[in-house]
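Please keep the sequence and the structure in view while reading.

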Amino acid sequence: MNAKLSFSANIQPQLSTVFTGEVTGYDAKRQCWQLDRQFDASCAVSLLVKPEVGDKVCFIEVDGHYYLVQLLVRSREHQELVLESDKKVHWVAPALRFTAFEKLELISLNKLALTGKDYLMSAASSMVLHAEHMIQQLGHLSLTARGLLKQSAKHQVITAEKDVRIDGERINMG
C-alpha cells in the first residue's frame, strides 16, 4: 500500500534530520550537552530524564540549534534515573500511584502540602514525627494504644469546656 502525505499550499512543514550519538560532556556555564565531542545540544523541554555522560541519545537540528530529544541507552555506570526540569511540573490524571519497593522520599526545601478528602497514613513498623511546631485542628480525635500511651512535656495544659474524665484502676496524681 502506498500512501502519500500532502499538505495545503499555506502549510510549510519543517523537516528535521534525526541524529544519534553519545553524550561526551556537559558545559555547565552554557548549560548544554556535548554529543560525540562535536555537537552542543540543549535538552528539549519534553526530555525530563537527565542525561549522563556515556548515554546513547537521539538529537535533532532545528533552526541551526541541536536539541537532545530522547535517551536511547543509559551508560552502564549510572543506575539512577533523574527527572529534571527548569520548568514547573504539574501532573494531572484521574489517579496517580507511586510504588517503591525499598524507599520513597518526598522532599521539599520549602512547603510540602498534602491535601485530600480522605487521608490515610500507616506504617507497619515505626512512625516518627519530628517538628519544631505541630498544630492539629480536628473535629474529633481518638487515640488508642494497645500498650503504653505516654505524653510528656515541660508544661502541659488540659482544658475542656465541660467535662474532664480520668478513669483507671489506679490514678497517681504526683
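## Strand pairing and hairpins

β1 and β2 form a hairpin with four residues between them, and Q31 in the turn has a positive phi of about 50°. The model is predicted, so local features need pLDDT of at least 70 and side-chain atom pairs count only at pLDDT 80 or more, while totals for chains, interfaces and linings use all residues. Residues are numbered from 1 along each chain as its sequence is written, and side-chain values use heavy atoms, with hydrogens and water left out. Helices (H or I, at least four residues) and strands (E, at least two) are DSSP runs numbered from the N terminus, and two strands are taken to pair if DSSP finds at least two bridges between them.

On these terms, strand β1 (residues 18-27) runs antiparallel to strand β2 (residues 32-35), the two being joined by four bridges. Within this pairing, G25 stands opposite Q34 in β2. β2 in turn pairs with strand β3 (residues 39-43) in the antiparallel sense, here over three bridges, and L35 stands opposite F39 in β3. The hairpin of β2 and β3 has three residues between the strands, and D36 takes a positive phi near 50° there.

## The nonpolar core

Which residues make up the largest nonpolar core? It has eleven residues, namely V23, W33, L35, F39, A41, L47, V57, F59, Y66, L68 and L71. β2, β3, β4 (56-62) and β5 (65-73) each supply at least two residues of this core, and β5 gives the most, with three residues. A nonpolar core is here a set of buried Ala, Val, Leu, Ile, Met, Phe, Trp, Tyr and Cys residues joined through side-chain atoms within 4.5 Å; buried means under 20% relative accessible area, exposed over 50%, and partly exposed in between (1.4 Å probe, protein chains only).

F39, one of the core residues, touches W33, Q34, F59 and Y66 when residues up to four places away in sequence are not counted, contact meaning heavy atoms within 4.5 Å.

T24 has its place in strand β1 and is buried, with a relative accessible area of 19%. Leaving aside neighbours within four places in sequence, T24 is in contact with Q34, L35, D36, R37 and V53.

## Salt bridges

The structure holds eight salt bridges, each defined as a side-chain nitrogen of Lys or Arg within 4 Å of a carboxyl oxygen of Asp or Glu. In one of them R30 is bridged to D40, with the closest N and O atoms 2.7 Å apart. This pair links distant parts of the chain, since R30 is in the loop between β1 and β2 and D40 in strand β3, ten residues apart. D40 is partly exposed, with a relative accessible area of 36%.

The side chains of D55 and R74 also meet in a salt bridge, at 3.1 Å from N to O. D55 lies in the loop between β3 and β4 and R74 in the segment after β5, so this pair ties together parts that are 19 residues apart in sequence. D55 counts as buried at 0% relative accessibility, whereas R74 is partly exposed at 21% relative accessible area.

A further salt bridge joins E105 to K103, the closest N and O atoms being 3.0 Å apart. E105 is partly exposed, with a relative accessible area of 47%, and K103 counts as exposed at 62% relative accessibility. Finally, salt bridges that share partners join D27, R30 and D40 into one network.
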